[in-house]
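Work through the exercises below with the sequence and the structure at hand. Try each task before reading its solution.

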Amino acid sequence: MSFLLVAVDLLTLVVTLSSLHGPVRFLLGVTLGLFVPGWSVVGLLKLRNAALELALSVGGSLATLTVAAQILMTVHAWHLSGLEVAMCLVCLPSLVWQSRNISPIARSK
C-alpha cells in the first residue's frame, strides 16, 4: 500500500504545483485526503489487521486535515493548494521509508 500512496503523493504534488485542474486532480486530492496523512503514521505501526489499518488511516487523515485547515483559517492563512503541497511534503518521507522497509514476512510471499 505504501508504494501506491507514494505514487499518489508524488502525482498530487506535481499536479498541484503545475496548477492542473480536472477529474484526475480531484481523484488524487480525494485519495490524498482520505489515506496519505493517516497511513504515513498508521503504516509505521504494522498492525497486521487490514480493516483496522484502513479505518485508522481514514480517521487519522480526516482528523489531521481538519486540524490543519482550522489552524490555517484561524491565522488567516487558508490556501487549499498550499495545504495540499504541505501535506504531500510532510507525508512523503514516511511513505518512502515504509515502502523501502518491507518486513521479512512480506518479502517471502
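Predicted model: local features only at pLDDT ≥ 70, side-chain atom pairs only at ≥ 80, totals over all residues.

Residues are numbered from 1 along each chain as its sequence is written, and side-chain values use heavy atoms, with hydrogens and water left out.

**Exercise 1.** Describe how α1 and α4 pack.

Solution. Helices here are DSSP runs (H or I, at least four residues), numbered from the N terminus.
- Step 1: Two packed helices are described by the angle between their axes and the distance between the axes.
- Step 2: The axes of α1 (residues 2–17) and α4 are 9 Å apart, at an angle of about 150 degrees. Axes are lines fitted to C-alpha atoms over the stretch in contact, and angles run from 0 to 180 degrees between N-to-C directions.
- Step 3: α1 and α4 are therefore roughly antiparallel, a label for angles over 145 degrees, whereas under 35 is roughly parallel, 65 to 115 roughly perpendicular and the rest oblique.
- Step 4: Contact means heavy atoms within 4.5 Å. Among the residues that meet are Phe 3, Leu 10 and Leu 17 in α1, and Val 85, Leu 92 and Ser 99 in α4.

**Exercise 2.** Describe how α2 and α4 pack.

Solution. 
- Step 1: Helix α2 (residues 23–42) and helix α4 (residues 80–100) have axes 10 Å apart, at about 50 degrees.
- Step 2: The pair is therefore oblique.
- Step 3: The residues in contact include Arg 25, Leu 32 and Trp 39 in α2, and Glu 84, Cys 91 and Gln 98 in α4.

**Exercise 3.** Check the lengths of α1 and α3.

Solution. 
- Step 1: The expected span is 1.5 Å times one less than the number of residues.
- Step 2: For α1, 16 residues should span 22 Å, and the end C-alpha atoms are 22 Å apart, so the values agree.
- Step 3: For α3 (residues 50–74), 25 residues should span 36 Å, and the end C-alpha atoms are 36 Å apart, so these agree too.

**Exercise 4.** Which residues of α3 are buried, and what covers them?

Solution. 
- Step 1: Buried means under 20% relative accessible area, exposed over 50% and partly exposed in between, with a 1.4 Å probe and protein chains only.
- Step 2: Glu 53, Ser 57, Ser 61, Ala 68 and Ala 69 of α3 are buried.
- Step 3: Their cover includes α2 and α4.
- Step 4: Just after α3, His 76 has a positive phi of about 55 degrees.

Technical notes
Helix = DSSP H or I, 4+ residues; strand = E, 2+ residues; numbered from the N terminus.
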